[in-house]
Amino acid sequence: MPTRRQALAGLLLAGVLPGARAQNVSKPWPAGQVVPPLAATDLNGRPWDLAALRGRAVLINFWATWCAPCKEEMPTLQTLADLEGERLAVLAVNVREPLPRVRRYVQSSGLTLTVLPDPKGEITRAWGTTVFPSTVLVDARGQARQIIRGAVDWTGEPALSWIKAQGG
């Protein structure tokens, strides 16, 4: 079984969409940078708090309906959420869009993963996200480990290896 560091290195080196290596940039979370809080209510009215998810690996994806690469990777995020179930929390933070638009997109695309609206961009600013899609991978201890900017195939082996290395 690969170590956490080996799994992260694999994700860093090969976590892009097949045949499209220039579509994302992956780097470690800055050493010493505190993980911002994340507390929000999903589209079903359920509250979510990152601190309450300790013990599970968490994938936080920042996206928007106007973002073509975001829409490209969303089906793979849904598949990942379906495959990993309780082992991994997949949180899709929708950035600065009206709630009706987000609901329409989620319904029309058949998404059932957790979507957290961020209509004022407060969560997004706290996490320092300016590129979409962007994803932060948080380990089961609540420590952010990796930042990925750009679309990723979340059903690929590098992503699944990272999740397994986190105890998922």
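Reader: What are the ground rules here?

Author: Residues are numbered from 1 along each chain as its sequence is written, and side-chain values use heavy atoms, with hydrogens and water left out. The model is predicted, so local features need pLDDT of at least 70 and side-chain atom pairs count only at pLDDT 80 or more, while totals for chains, interfaces and linings use all residues.

Reader: How many residues does H2 have, and what is its reach?

Author: Helices are DSSP runs (H or I, at least four residues; strands are E, at least two), numbered from the N terminus. The expected span is 1.5 Å times one less than the number of residues. H2 covers residues 68-84, 17 residues, and reaches 25 Å from first C-alpha to last, close to the expected 24 Å.

Reader: Where does H2 kink?

Author: A bend is the angle between axes fitted to the seven residues ending at a residue and the seven starting there. In H2, a kink of about 30° lies at Met74, shortly before Pro75. Just after the helix, Gly85 has a positive phi of about 50°.

Reader: Which cysteines are joined by a disulfide?

Author: A disulfide is a pair of cysteine sulfur atoms within 2.5 Å. Here Cys67 is joined to Cys70, S to S 2.3 Å; the link is right-handed, with 80° about the S-S bond.

Reader: Is Gln146 buried or exposed?

Author: Buried means under 20% relative accessible area, exposed over 50%, partly exposed in between (1.4 Å probe, protein chains only). Gln146 is buried, at 3%.
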